[in-house]
Every structure is written in C-alpha cells, then in structure tokens.
Amino acid sequence: MLSIDALTKQFGEKIAVDSANIHVDKPMMIGIIGRSGAGKSTMLRMLNRLSDATSGSIVYEGEDVTHLRGAAKRNWQSRCAMIFQQFNLVPRMDVVSNVLHGTLNRRSTLSTMFNLYPQDDIHKAIDILNRLGIAEQAPKRAEALSGGQQQRVAIARALMQDPKIILADEPIASLDPMNAQIVMQSLRQIHEEDGRMVIANLHTLDTARRYCDRVIGMRDGRIVFDGTPEQLTTGVARDIYGAGADFSEAATSTEIETLDRQKEFA
Amino acid sequence: MTDMSTASIQSNYMEMVRRKRLYGGAALSLFALVMVSGFMLADSRNAGGFWQGIPNIFDFPRDVWKDTLPKLDQLPSHFATYFPSLIETINIAAVSTLLGSMLAILLSLFATRGLAKYPALIGPVRRIMDILRAFPEIVIALVLIFILGGGPVPAMIAIAFHTAGSLGKLFSEVNENADLKPIEGLSSVGATWTQRMWLGVIPQVAPNYFSYAILRFEINIRASAILGFVGAGGIGYELKNAMSWGQGKYDDAAAIFILLFATIVVFDQLSSYVRDRLISKGGH
C-alpha cells in the first residue's frame, strides 16, 4: 500500500533522515518514536511533500509521489492529511471555516477567497465536529478555543479532506494529559471506524504502546526499531532514546494511570 | 438529543453564513459603486478629459528621451553637477526622518492601548498625530519659509512634523501586536514604565519600526525634493529649473531623475541588508 524506500533528507552537511525503509501493506496505526531531532518530523513532512526528499522514493498504491509537482502534488497532499503540534489553524477564522479548508483542493480559488462553500460541505463539517464532540464551538473563532479543542478542529479539517492517510506530527505534545487522551482516542477511532492509515510522531513511549499497532523507532535519522508494541522492551527503548540504565518509561509518561502506578511503587 | 442539537447548530451556522454573504455582497457592490462614481466624477471635472488625454501620456517621457539621447556623453558631468544638491536633499530627509521617528516612538507608546502610561491621554495623543498628518508638508514649509526665510531648515521641520504623525500611527499599530508577556515579566520584577517600554517593547518591535522608518525615509527624500520647488533648496530646486526652462534642458532633468532613482535603490538595498541582520541576530 505505502512503501518508502531509501528515503533520505539532507540539510547541508546534516543528514536528517538516513535511507529510511518502511513498508505498510494494510491501513494501520503507526507510531514513530524517538528523541527530538531524530528526524521524525522531517519524515512526515516528506510524506506530505511539505519538503522534498533528497533521494529515495515514496510509493502509494503503485503511484510514485516523491517527485509530483504543481496540481498533482497538491492533489496528493489533499489525500494525505497532516496534523501539527501547534495545530496550524487560521486563528481569526471561525471553526467551521477552518474545517472547510480541508476541501480547498477540490474548490476553485475564487469561490474559496470569498468563503463560498456549498451547504452540503458546511453541514458535513459540522457533522464531523459533532463526531469529535465540539459541534457547539462551530461559530467561534479558532483562537478562542482551548488547545485540545483546537487540535480536534485540526483533526476535523484533516477528516474533511477525506484522506487515505492521516499524518500527525506530535499531535499531543502541546496538550495536557486529559486532552492528549481525547485526541489520541479520536485518532484511534478514526483509524478503526473509517479504516484510514494513521502515522503519528509521538514523544512518549506509553502513548505509542497504548494506541498503535506498529511502532517505529528512529535515532539520528535512522530507523533502529520496527515492530509491534510488545516487541518494544525497555532495553530497545533505551537504545532508541540513547539513554542510560536510569531511563524509566514512567518518567516520560503523560498518562494519568501511569502516575498512579508510580505512586503505588513509591 | 445530539442529532437535534446538531441540526440546530447547522441551521444557526447557515443563518450566519447567509448574513455574512449578504454583508460581503453589499460591501463589494459599494466598492464597485465608489470606484465607478469616483472615476466618473474625476473625469467630468478634468479640464481636458481623461479619454482624450490618454494618448498624450507618453509625451513628456518622449521629450526627455529626445533631449537626452544626443547628449548622452554629458550625463556623467550632469551627475557631478547635481550630486551636491542631492546630498543636501538626502540630508534634509535623513535629519527629518530621525527627528520625526524619535517623536513618533514617544507618541506611539502614549497612544497604544495596553501600553500607554496615561490611558486617558490616548485620545488626545491620537488627535495630535492626526493634526500632524493632516497638514500637507508643503503648507507647513511655505508658512515656515515665510517666517524663517528660504532654505533647508523649514523643509526639515515640515517633513519631521509629518513624519512624526504618520510614523506614530504606524508604530502604534506595531505596538498593538507586541506580545504583552515579556512586559508582564518586567512588571513582575518592579520595572518602571520607561524600563518596560525600552526593554520589553522596543526589542520586539524594532525590526518593524526600522522598516517603516526606512520606507518613510524614501518618501521623505521625494518630499524634500518636492519642497525644493518652493525654495527649500536641494535637488528639487535644480529639477524645477531644468524642467521649467524647457528648451533642451531635459537632459539635466533626466540626470536628476536617474540620481533620485539610484538613491532610492541604494537605500532599499541597504535597508533590506540591515533588516536581515537585525532579524537573524534575534533568531540565532
């Protein structure tokens, strides 16, 4: 379905992603873990074609998307939605308009400049917001919402694209544990109910373990682990993060239960 | 229950969209109306008429071109002749921009909501800036020339006043977008208003101030050239002579135009270089 071969990204002297190989044969939820600077974001940005690969290829269902240009590239981007750490919404526009931005690729530039969208799309946008539990916020400006709500608006925008793949770049890194859980559950639910592929960069191990079917570990631009959450032992995790024996999974956790667990140990 | 409320949210939102579209359409037709009627009014008041005059639009450039072409070899000597008066013009512009922007910084800090030391004075300070902007430079200059006699000083004062008014407005808009968190941080350590402004606001807004000030400097070079026409000296005076005595002096005019253009290009390049340095220093 999706195959990434020897994908490399070089910034001057520095190699951000070093010949990465990933093959996915059916829609699943994949978590990419690793330290900051390990190349996780660069990888997702290449998949969405926000930045160009230095070498290697990305093939989706037999179509090489690595070198698409112009309209073909924008069409690929519309099929491969992206969610960002800082939400990347237009702060001064209302929530529904932000969600409707998901349809920009199939509408004419002129009609979108005047914010003219078909009624069906507007209704669908509100239905999606309802599915994510934030329909009441529909007429508010995006900047008036809390972080967790804004991230759900960003997910709604992604869903409005009706994409085959959803890429999420540290979707919960700016959120508190409660909102983080809601956002991750929404992503999981989207994967299970709609059968969309979800690839998420995560910086906490337990989130990856809990929500993902497959975990990929990156270190200094290389893929150093690729397997099921069960195969991800503490030893492997230490290797991914380049940490010593004092590394404890609970220390990086954002889960409320883990904190409880820790208290029990103490 | 959710179905019901979703339906009502949808219909409420559609209602809002329809209202916005109505306003948008009305604004657009108003815009078109003002455009068309404004143009028609201007055209009817015009002595010659817009459509009859339009074929002659290139007459002046053609005359300049015709006069200059046979005397191209004299251009460098014209540059040399007019360079001192260009320096004078740039001098007037530079001094008035500096004075004007210093006054503008002060005025803008007093006129920004959330920053102003005396919130009650925001309105009066803004009106002062409006007054400074309202009078054309040339009017202030003419009055001052009448009082102080001809020369660069009246031009300088006139331009500085106008600069203070217009930059003050732009600066205060920049100030409004400044992040208030650093200022709160400085308040928390017991800083005075001046300290908060100088250490909390100015570092944030300096690059924007700078680019507006440079743009204003360009405008002021042109303004001080125009003031030369009414006796404030500088390159404007020379341009007036070259243009009004006609009869083959258009090559002088061409030389002056080229000098002015080159000046603007030089300062534009200079400003983008300095601005890049200023921003990248903050970034890394």
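What share of the contacts in chain A with a separation of 6 or more comes from residues 24 or more positions apart? The notes below start there.

1. Residues 24 or more positions apart account for 68% of those contacts in chain A, a contact being two residues whose C-beta atoms, placed from the backbone, lie within 7 Å. This is a predicted model, in which local features need pLDDT of at least 70 and side-chain atom pairs count only at pLDDT 80 or more, while totals for chains, interfaces and linings use all residues. Residues are numbered from 1 along each chain as its sequence is written, and chains are lettered from A and ligands numbered from 1 in the order in which they are written.

2. Chain A has ten helices and ten strands (DSSP runs numbered from the N terminus: H or I of at least four residues for helices, E of at least two for strands). Its radius of gyration is 19 Å, close to the 18 Å from the globule rule for 266 residues, so chain A is as compact as a globular protein of that length. The radius is taken over C-alpha atoms, and the rule is 2.2 Å times the number of residues to the power 0.38. The C-alpha trace spans about 60 × 45 × 35 Å along its principal axes.

3. Of the 266 residues in chain A, 40% are buried (20 or more other C-beta atoms within 10 Å of the residue's own; exposed means 12 or fewer, partly exposed in between). One buried residue is I172(A), with 25 C-beta neighbours inside 10 Å. I172(A) sits in the loop between β7 (165-169) and α7 (177-194) of chain A. Leaving out residues up to four places away in sequence, I172(A) touches A180(A), V183(A), M184(A) and T207(A).

4. Helices α5 (residues 119-131) and α6 (residues 147-160) of chain A pack at about 130°, their axes 9 Å apart. Axes are lines fitted to C-alpha atoms, for helices over the stretch in contact, with angles from 0 to 180 degrees between N-to-C directions. The residues that meet are A125(A), I128(A) and L129(A) in α5(A) and A156(A), L159(A) and M160(A) in α6(A). By class, this contact has six nonpolar, no polar and no charged residues (nonpolar: Ala, Val, Leu, Ile, Met, Phe, Trp, Tyr, Cys and Pro; charged: Asp, Glu, Lys and Arg; polar: the others, Gly among them).

5. Twelve residues of chain A are in contact with nine of chain B. On the chain A side, α5(A) gives the largest share, six residues. That side has seven nonpolar, three polar and two charged residues.
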